[in-house]
Amino acid sequence: MVNMLLAGDIGGTKTVLALYSPEQGPHRPLVKETFPSKAYSSFESLVKTFLNKNSAYQVTHGAFGVAGPVVQDRARITNLSWVMEEEQLAATFELEWVHLLNDLEAIATAVPILPEEEITRLNDANATPRGAIGVVAPGTGLGEAFLVWADGGYRAHPSEGGHVDFAPADEVQRDLLAYLAPRLEHVSYERVCSGLGIPNLYAFFRDTNRYSEPAWLRDELAEANDQTPIIVRAAQEGRAEICTATLGLFIDILAREAGNLALKILATGGIYLGGGIPPRILQQLQESRFMDVFAAKGRFRNLLVDIPVFVIEEGQTALLGAAQDGLMMMNKNPAGR
């Protein structure tokens, strides 16, 4: 086979690699495998393992969504010691070219080709054709990206918007900021609106004596490597008032930040909630409060009400976006970028 694309979703916990052909397209990988990232000393060693298993395929190009900023064709993966450079990777594996893109840029790239069954609509607004699209993705961290229409199609752009200053919207959130400020170097939205941030919200309610902490919950959290699933599950099951309050505050902050992005880019094409958390709390997001808070922008409320909001339920959107990015580039210029 010729013109075979190696695409990947590269994260601190796991890496997913897959092979694609232009004929089959981004929705139908020929081979796909998931690896524990930390089991490998470098990205190159992981790729060699994958390619050795699939030596029957002739790989000619590479496109990878990476968990970290890409600057001058180079990326350092968050929570790993891996450093990835486009030219070096292309030379190592004898590829025509390699393209690195931020993982949120990859998710955004996938948005225009997501099947309808993989997204859930939260309101009845309709997208404006060719309108800008925003992506807010709370997972372990908080990622943001956007798409604008150019040259006959949508083009994705990366962002580090999750790291902007957290702006409290009411008395509880102002108290939250006052609680976190002396404890953190910088209180960003990621610190209060992500898997890493949910324990911060919980600690705020506990340490300020707004809610009591049940003994069984304290014991479970003390033994957990990741407290967030325990807090979210207890909230959804109605087992602890402190967890219910924590999830409610998280959803309020997510709604406000999604509304912030909608205003900043005038996202008349829609806002998409990606990442690992929104699909897990879909029932809570479908309640009216999320959209009420999303649209609570004073004089611009009517504008926000008319912006459609969706939840991405597809679990490997970044891989789909990396594949789409690479295949589009191959179609335009197979021999060079």
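Strands here are DSSP runs of at least two residues, marked E and numbered from the N terminus. Keep that in mind as you open the structure, which is a predicted model.

**Stop 1: glutamine 72**

Select glutamine 72. It sits in the loop between strand E5 (70-71) and strand E6 (74-76). Is glutamine 72 buried or exposed? Its relative accessibility is 77%, so it counts as exposed. Now check the backbone. Glutamine 72 is not a glycine, yet it has a positive phi of about 50°.

**Stop 2: histidine 99**

Go to strand E8, residues 97-102. Histidine 99 belongs to this strand. Its relative accessibility is 12%, so histidine 99 counts as buried. Now show side chains.

**Stop 3: helix H3**

Select residues 103-110, which make up helix H3. Next, colour the helix by accessibility. H3 is mostly covered, with 7 of its 8 residues buried. The buried ones are Leu104, Glu105, Ala106, Ile107, Ala108, Thr109 and Ala110.

**Stop 4: serine 188**

Move to the loop between H4 and H5 and select serine 188. Its relative accessibility is 4%, and serine 188 therefore counts as buried. What does serine 188 touch, leaving aside neighbours within four places in sequence? Show Gly162, His163, Val164, Asp165 and Phe166: serine 188 is in contact with these.

**Stop 5: helix H5**

Now select residues 198-207, helix H5. Why is H5 described as largely enclosed by the rest of the structure? Because 8 of its 10 residues are buried. Highlight them: Ile198, Pro199, Asn200, Leu201, Tyr202, Ala203, Phe204 and Phe205. Before moving on, look just past the end of H5. Asparagine 209 has a positive phi of about 60° there.

**Stop 6: phenylalanine 205**

Stay in H5 and centre on phenylalanine 205. Its relative accessible area is 5%, so this residue is buried. Next, pick its C-alpha and that of alanine 245. They are 8.1 Å apart in space, while the residues are 40 apart in sequence. Now show the contacts of phenylalanine 205, leaving aside neighbours within four places in sequence. They are Val172, Arg210, Tyr211, Ile242, Ala245, Thr246 and Leu249.

**Stop 7: H5 against H8**

Show H5 and H8 together. Their axes come within 9 Å and cross at roughly 125°. The two helices are therefore oblique to each other. The crossing is right-handed. Select the contact itself. From H5, take Ile198, Leu201, Tyr202, Phe205 and Arg206. From H8, take Ile242, Cys243, Ala245, Thr246, Leu249, Phe250 and Ile253. Colour this set by class: 10 residues are nonpolar, 1 is polar and 1 is charged.

Here is a pattern to look for in helices. An α-helix has 3.6 residues a turn, so residues three or four places apart point the same way.

**Stop 8: H5 against H7**

H5 and H7 pack at an angle of about 65°, and their axes are 9 Å apart. Which hand does the crossing of H5 and H7 have? It is left-handed. Select Ile198, Pro199 and Tyr202 in H5, which meet Thr228, Ile231 and Val232 in H7. By class, this contact has 5 nonpolar residues, 1 polar and no charged.

**Stop 9: leucine 266**

Go to the loop between H8 and E13 and select leucine 266. Its phi is positive, near 50°, in a residue other than glycine. Leucine 266 has a relative accessible area of 46%, so it is partly exposed.

**Stop 10: glycine 276**

Finish in the loop between strand E13 (270-273) and helix H9 (282-285), where glycine 276 lies. With a relative accessible area of 34%, glycine 276 is partly exposed. Leaving aside neighbours within four places in sequence, glycine 276 is in contact with Pro138 and Gly139. Last, pick isoleucine 312. It is 36 residues from glycine 276 in sequence and 9.3 Å away in space, C-alpha to C-alpha.

Notes: Residues numbered from 1 in each chain as written. Predicted model: local features only at pLDDT ≥ 70, side-chain atom pairs only at ≥ 80, totals over all residues. Heavy atoms only, no water. Buried < 20%, exposed > 50% of the residue type's maximum accessible area, 1.4 Å probe, protein only. Helix = DSSP H or I, 4+ residues; strand = E, 2+ residues; numbered from the N terminus. Contact = heavy atoms within 4.5 Å. Axes fitted to C-alpha atoms, helices over the stretch in contact; angles between N-to-C directions. Parallel < 35°, antiparallel > 145°, perpendicular 65-115°, else oblique. Left-handed = near helix turned anticlockwise from the far one by under 90°. Nonpolar A, V, L, I, M, F, W, Y, C, P; charged D, E, K, R; others polar.
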